[in-house]
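Below is a short note for a colleague who is meeting this model for the first time. Please read the numbered points with the structure open beside them.

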Amino acid sequence: MISIIFGKTKPINYIIILSFLFVFYWFVHFSMFDRIYSMSQTFWQMFILAVLFFSIFIVNFIVKRNKVTGANSFSILFYGLLMVVFPETLLDSNAIFCSFFLLLATRRLISIRSLKEIKFKIFDATIWVLVSSLFYDWALLFLILVLAAIYFYEPKNIRNWLVPLAAAFTVLMITECVLVLSGTQDFFAEHYKFTVSLNITYFSYWGHSTKLVLFALTTFVAGLLAFLKLGKAGFGRVITMRLIALSFIIGLVLNVLLLSDNVYPIMITFFPAVVFMTKYIESLRKANIREIILMAAVIIPFLVLMTAIAIK
């Protein structure tokens, strides 16, 4: 049943995922964490939810336009299910915005595989990474992904290595102008501290540490199987998977550096995770096995959610 619905790209799949996320978003805020908002704060939360919705479309656009996965909607299904596993990430607006801009950067980096307008794509990707760092300072680590893309695709062209510097200068000038006009010139000094906010107490709670470890292990196994299934795939597709794998590793590092009781950046790892999970599902040839695993993938997140609610 699940594979029949999400095994194809249909508008109904968007309706299902977005409708669920709409209900689940408010459930997390009002029921799970007892948040209370004024009218203006409610409108702000609606804007954040709209960005989250747009992120779903970007995820689907990336995997379809660049043929990262097959013609199905498993990627957006898994993206929604990961939010069920980590509902606290929906409380962190910085996580949603940072993830959104990193998705835009990833879209441009993966599209370099066409070997067209490489410099423009590097420029755009660098800008989006720098914008994402306005929400998490450690998001600057994703500049490693930009440099990796240059190294993988066209390392001998020295001008490609200079493009990120031009993008950094552009963002710096624009941001500085905005800060001067708003009278907040101290933003850079206050924001980019690169402190490690690792909260050992947070990890000592088995619910947090277990979810994170199992999520990482599941993604690594799915990624390993995805690489094994590539076989004689084209060079461009192999590089794409390498970039996605590197993105996941950087995201985990950033997550460990920032994770605390008030910061939940795990969402930035969702895109590479759903790509690997989707590739694994696509590799299953037997329809009944695929259906069983999909059912488990849907049921387990809700069991985890109910357990968390019961313990709370």
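1. Helix 3 (residues 39–65) and helix 5 (residues 93–110) have axes that come within 10 Å and cross at roughly 25°, and the two helices are therefore roughly parallel to each other (angles under 35 degrees). Helices here are DSSP runs of H or I with at least four residues, numbered from the N terminus, and axes are lines fitted to C-alpha atoms over the stretch in contact, with angles from 0 to 180 degrees between N-to-C directions.

2. The model is predicted: local features need pLDDT of at least 70 and side-chain atom pairs count only at pLDDT 80 or more, whereas totals for chains, interfaces and linings use all residues. Residues are numbered from 1 along each chain as its sequence is written, and side-chain values use heavy atoms, with hydrogens and water left out.

3. Contact (heavy atoms within 4.5 Å) between helix 3 and helix 5 involves, among others, W44, F47 and F61 of helix 3 and F97, F100 and R107 of helix 5.

4. On cysteines, a search of the whole structure finds zero disulfides (pairs of cysteine sulfur atoms within 2.5 Å). C98 is buried at 0% relative accessibility, while C177 is partly exposed at 49%; buried means under 20% relative accessible area, exposed over 50% and partly exposed in between, with a 1.4 Å probe and protein chains only.

5. A226 lies in helix 11 (residues 206–230) and is buried, at 3% relative accessibility. Apart from neighbours within four places in sequence, A226 is in contact with M241, F276 and K279.

Notes:
Parallel < 35°, antiparallel > 145°, perpendicular 65-115°, else oblique.
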